[in-house]
Amino acid sequence: MNACPCGTGRDYAACCGRYHGGEPAPDAETLMRSRYSAYVLGDVGYLRATWHADTRPGELGLDAPGEPKTTWLGLTVKAHHVIGPDTAEVEFVARYRIGGGRAVRMQERSRFLRLDGRWYYLDGDHR
């Protein structure tokens, strides 16, 4: 059993692996967890595919050559708020380290939008 990076304690294949394989996430929290796992695994294609087209950056430079490696240390979901039938917010804390540096704690309130039955990351407010 390979534990899922998102912190649910479930097996990756039964957790975020199914969403990385193409199954739509059922809610914004699940999408957010699967996006965290994609960062851990370096799955740029999934991150781009689940980022709303209006706010998606042109490129995602995860661990660019010559740059120190990012090591993801953990995820804690603080809150999941359903705002409307197709909108939601998820507040979370992600911890990571760049190269051999000190651990960084990033807290964000992310906004999500559902279009045609699929959830997309819209943007986030870092705290």
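Biologist: Which residues are linked with Glu89 in a network of salt bridges?

Modeller: Glu91 and Arg109. Keep in mind that this is a predicted model.

Biologist: What makes Glu89 and Arg109 a salt bridge?

Modeller: Their side chains meet at 3.1 Å, N to O. The cut-off is 4 Å, so the contact counts as a salt bridge. The pair links distant parts of the chain. Glu89 sits in strand β2 (residues 87-98) and Arg109 in strand β3 (residues 103-115), 20 residues apart.

Biologist: Why is Glu89 called buried, and why is Arg109 called partly exposed?

Modeller: Glu89 has 19% relative accessibility. Buried means under 20%, so Glu89 is buried. Arg109 has 21%.

Biologist: How many salt bridges does the structure hold?

Modeller: There are 6. One of them joins Arg33 and Glu29, at 3.1 Å from N to O. Both residues lie in helix α2, 4 residues apart, about one turn of the helix. Arg33 is buried at 16% relative accessibility, while Glu29 is partly exposed at 22%.

Biologist: How do you know that Glu23 and Arg18 form a salt bridge?

Modeller: Their closest N and O atoms are 2.9 Å apart. That is within 4 Å, so the pair qualifies. Glu23 is partly exposed at 34% relative accessibility. Arg18 is partly exposed too, at 32%.

Biologist: Now the rings. How many aromatic pairs are there?

Modeller: The structure holds 5. Among them is Tyr36 with Trp72, 5.7 Å centre to centre and with 80° between the planes.

Biologist: Why is the pair of Tyr36 and Trp72 called edge-to-face?

Modeller: The centres lie 5.7 Å apart, within the 6.5 Å limit, so the rings pair. The planes are 80° apart, over 60, so the pair is edge-to-face. Tyr36 lies in helix α2 (residues 28-41) and Trp72 in strand β1 (residues 70-84), so the pair ties together parts 36 residues apart in sequence. Tyr36 is buried at 6%, and Trp72 is partly exposed at 22%.

Biologist: What makes Trp51 and Tyr121 an edge-to-face pair?

Modeller: Their ring centres are 5.2 Å apart and their planes stand at 85°. The angle is over 60, so the pair is edge-to-face. Trp51 lies in the loop between α3 (44-49) and β1, and Tyr121 in strand β4 (residues 118-126), so the pair ties together parts 70 residues apart in sequence. Both Trp51 and Tyr121 are buried.

Biologist: Which residues form one aromatic cluster with Tyr36?

Modeller: Tyr39, Trp72 and Tyr96.

Notes. Residues are numbered from 1 along each chain as its sequence is written. Side-chain values use heavy atoms; hydrogens and water are left out. Rings of Phe, Tyr and Trp (its six-membered ring) pair if their centres lie within 6.5 Å; planes under 30 degrees apart count as stacked, over 60 as edge-to-face and the rest as tilted. Helices (H or I, at least four residues) and strands (E, at least two) are DSSP runs, numbered from the N terminus. Buried means under 20% relative accessible area, exposed over 50%, partly exposed in between (1.4 Å probe, protein chains only).
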